[in-house]
Amino acid sequence: MNGDWATFSMAVMSETYDGRCLCSEVRFRAEGAPKWVLWCHCESCRRHSGAPASVFVSFADDAVTMISGEIAKFTSSAGVERGFCARCGSTLTCSNEKLPEETHFHVGAFERADELTPTGAFFAGERLPWFNDRARPFAGLSALAQVAMGRRRNSKSTKS
Ligand SMILES: [Zn+2]
Ligand SMILES: [Zn+2]
């Protein structure tokens, strides 16, 4: 959001981020460092994604190239467009005319989402009270199997 920071990060990093929807019909590529990576806890994002919170990565529009397909758009409120894949329904983007010339991509669309760490949050006041981004991770498939069997994992951790 800070101009100096954006200039600095663009100069230091030269990166390519590939993204796609679940069915792969929509593919895009972003070049250069993102402008920012942030959580959004607003209710609109929650409804669009179905997830309790979203993480967005912002790229300047001229840094993004469509490789295939197109992002379908829905105007969710005045000046706000939500992008998705019309075929598979993947939640892909949000753009706001108050932040022109940039598009906010849902971080999960990118191949290297692990490198896109959020540094803050929009609408923290709308955060679901039980949402905890520091929650202790489940231990993979065995935990999933336990949940499927209706058993809650014991609160004692197996590793510490
Ligand atoms: Zn798709
Ligand atoms: Zn939001």
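## Phe123

With 15 C-beta neighbours inside 10 Å, Phe123 counts as partly exposed; a residue is buried if 20 or more other C-beta atoms lie within 10 Å of its own, exposed if 12 or fewer, and partly exposed in between, with C-beta atoms placed from the backbone. The model is predicted, and local features need pLDDT of at least 70, side-chain atom pairs count only at pLDDT 80 or more, and totals for chains, interfaces and linings use all residues. Residues are numbered from 1 along each chain as its sequence is written, while chains are lettered from A and ligands numbered from 1 in the order in which they are written.

Phe123 is found in the loop between strand S10 (121-122) and helix H3 (140-148); helices (H or I, at least four residues) and strands (E, at least two) are DSSP runs, numbered from the N terminus. Although Phe123 is not a glycine, its phi is positive, at about 50°. Most residues other than glycine have a negative phi.

## Ser24

Ser24, also not a glycine, has a positive phi of about 75°. This residue belongs to the loop between strand S1 (16-20) and strand S2 (27-31). Ser24 counts as partly exposed because 13 C-beta neighbours lie inside 10 Å.

## The sheet S1-S2-S5

An open sheet is formed by 3 strands in the order S1-S2-S5, with antiparallel pairing; two strands pair if DSSP finds at least two bridges between them. S1 and strand S5 (64-68) stand at the edges with a single partner strand each, so one side of each lacks a neighbour in the sheet.

S2 and S5 run antiparallel and are joined by 4 bridges. Met66 in S5 is the bridge partner of Phe28.
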